[in-house]
Amino acid sequence: MDCKYKRIILKISGEALSGNAGHGISPEIVSRISNVVKNVINMGVEVAIVVGGGNFWRGASAKDMDRTTSDYMGMLGTIINGLALQDALEKIGVETRVQTAIEMRQIAEPYIRRRAVRHLEKGRVVIFSGGSGNPYFSTDTTAALRAAEINADIILLAKNGVDGVYSDDPNKNPDSVKYDELNYIDVLNKGLKIMDSTATSLCMDNKIPILVFGIEQPESIEKIVMGDNIGTIIKE
Ligand code: UDP
């Protein structure tokens, strides 16, 4: 089977893992995503996952807290999500390694780029958790950073409640139109809230395409890697 992409980064936000609840982890959605990841691995694609943590904590929302402390709490949330994904994947026979950006050796490997690449080459799913390890960053920026570091072909950005990028919020404005394709500059100039601007800029500077799709249909991932035009692609 000839896949369009050989090595992908799948960015799954914490919200996407929480299903309809908006917080916590939905075992059903985690299991659905895992099944799709298994199929994609079986297609010969190398899959790395960057997990968010917004289903537990977002650093910037705790206004009365020290921002760095609050961001560390957010990073810890991403590690909980990483372990949930690891558990679900291993249950269905997919080999995984969780790597954390902040050392937690009893729980997972520390992030080591060369080791991550080796795992991918061996067909293991590498789950990058702990964000970038730095406060004031997001897991979208982490996805851009890791994609650049491991030479991923594309970032698949899983969204909750929307199946691509629209001119306006499609859940509020029925006249909003969906874009099939955008360039990075458009995203930045139009102020489209897809990723934060740091993440978009990092992708732009390193020419990493981003494909935005709806996590409600995780099965689209299989079609995307085969080259189907699903969601919205952002490139040069
Ligand atoms: N975070 C951070 N540095 C990083 C990545 C994440 O400080 O490199 C913290 C930040 O507080 C963020 C939280 O972790 O709000 C959860 O990550 P994010 O908001 O990106 O998760 P998502 O929206 O994808 O669920």
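Reader: What makes G14, G74, M75, G77, T78, N81 and T139 contacts of G53, leaving aside its neighbours within four places in sequence?

Author: Two residues are in contact if their C-beta atoms, placed from the backbone, lie within 7 Å, and G53 is in contact with those seven by that rule, including T139. This is a predicted model, in which local features need pLDDT of at least 70, side-chain atom pairs count only at pLDDT 80 or more, and totals for chains, interfaces and linings use all residues. Residues are numbered from 1 along each chain as its sequence is written.

Reader: Why does G53 count as buried?

Author: A residue is buried if 20 or more other C-beta atoms lie within 10 Å of its own, exposed if 12 or fewer, and partly exposed in between. G53 has 28 C-beta neighbours inside 10 Å, so G53 counts as buried.

Reader: And why does T139 count as buried?

Author: The count for T139 is 29 C-beta neighbours inside 10 Å, so T139 is buried too. T139 lies in helix α5, and its contacts, apart from neighbours within four places in sequence, include K11, V50 and G53.

Reader: How do you know that G53 and T139 belong to a "binding site"?

Author: That comes from UniProt, in an unreviewed entry, which places the feature at G53, D71, S132, G133, N134, P135, Y136, F137, S138 and T139. These residues spread over 87 residues of sequence, yet cluster in space, with a largest C-alpha distance of 14.0 Å. Such annotations may be inferred rather than shown by experiment.

Methods:
Helices (H or I, at least four residues) and strands (E, at least two) are DSSP runs, numbered from the N terminus.
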